[in-house]
Amino acid sequence: MVIVDMSDLNCDEYTKKEWKKIYNKRYKQSERGKEANKRYKQSERGRALSGAQCIKRRAQKLNATVAWADENKILDIYLRAQRKTKQTGKQHDVDHFLPLKNINVCGLHCESNLRVILAKTNNVKNNSFTPEIEKRVIQLMTQDQLKLKQ
């Protein structure tokens with residue numbers, strides 16, 4: 001069974017790496033590849049990875065991604081947000097404790113600067129970081145945790 005037709009290419013003209021790159025490109029363009037990609041994007045891990053990659057791109061634009069950030073831990077945080085949303089029925093977001101871009105402070109895109117909070121709490125915080133707003137966010141998080149335990 002041929003998944004991707006490569007008969008139009010002479011394999012002697014390409015290195016193994018180049019050949020694999022061409023094969024992967026053609027596979028992604030094939031019907032089977034498109035279906036596999038669609039299934040993956042709809043999976044829990046695929047959606048979390050997509051969200052994590054979107055934030056990573058934004059952070060890179062702001063030069064906020066550090067080399068020592070653990071991408072697996074970051075992905076786990078996004079997966080945790082999705083699981084909490086499913087468990088509670090309330091939308092949870094991944095929040096940068098210190099905003100990536102702010103007048104007063106600029107945080108990093110790394111696992112120690114991420115937390116899972118309710119979307120409505122994240123909207124209150126928006127892109128700001130002041131002691132008053134942070135106190136309010138902590139209050140809301142505490143109230144939400146108490147409600148979820150009941």
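Two residues are in contact when they have heavy atoms within 4.5 Å of each other. Keep that in mind as you click around.

A word on what you have open: this is a predicted model, where local features need pLDDT of at least 70, side-chain atom pairs count only at pLDDT 80 or more, and totals for chains, interfaces and linings use all residues. Residues are numbered from 1 along each chain as its sequence is written, and side-chain values use heavy atoms, with hydrogens and water left out.

**Whole chain**

Start with the cartoon view. Walking from the N terminus, the order is α-α-α-α-β-β-α-α. Of the chain's 150 residues, 31% count as buried, where buried means under 20% relative accessible area, exposed over 50%, and partly exposed in between (1.4 Å probe, protein chains only). Take the contacts between residues at least 6 apart in sequence: 54% of them join residues at least 24 apart.

**Helices H1 and H2**

Now select 16-29 (H1) and 31-42 (H2). Two packed helices are described by the angle between their axes and the distance between the axes. Axes here are lines fitted to C-alpha atoms, for helices over the stretch in contact, and angles run from 0 to 180 degrees between N-to-C directions. H1 and H2 pack at about 75 degrees with their axes 4 Å apart, so they are roughly perpendicular to each other. (Angles under 35 degrees count as roughly parallel, over 145 as roughly antiparallel, 65 to 115 as roughly perpendicular and the rest as oblique.)

Show side chains where they meet: Tyr 27, Lys 28 and Gln 29 from H1 against Glu 31, Arg 32, Gly 33, Lys 34 and Ala 36 from H2.

Next, click Ser 30, in the loop between H1 and H2. Is Ser 30 buried or exposed? With 16% relative accessibility, Ser 30 counts as buried.

Select 92-96 for S1, then 114-118 for S2. S1 and S2 pair in the antiparallel sense over 5 bridges; two strands pair if DSSP finds at least two bridges between them. Look across from His 92 and you'll see Leu 118, while Asp 93 stands opposite Ile 117. In S1, 4 of the 5 residues are buried. In S2, 5 of the 5 are buried, so S2 is largely enclosed by the rest of the structure.

**The core**

A nonpolar core is a set of buried Ala, Val, Leu, Ile, Met, Phe, Trp, Tyr and Cys residues joined through side-chain atoms within 4.5 Å. The largest one has 15 residues, and Tyr 78, Val 94 and Leu 114 touch the most other members. Helix H3 (44-61), helix H4 (71-88) and S2 each give it two or more residues, with H4 supplying the largest share, 6 residues.

Zoom in on Val 94. Which residues is it in contact with, leaving aside neighbours within four places in sequence? They are Ile 77, Tyr 78, Ala 81, Leu 114, Arg 115 and Asn 122.

Last stop: Ile 74, in H4. At 5% relative accessibility, Ile 74 counts as buried. Neighbours within four places aside, Ile 74 is in contact with Ala 69, His 109, Cys 110, Glu 111 and Leu 114. Ile 74 and Cys 110 are 36 residues apart in sequence but 6.9 Å apart in space, C-alpha to C-alpha.
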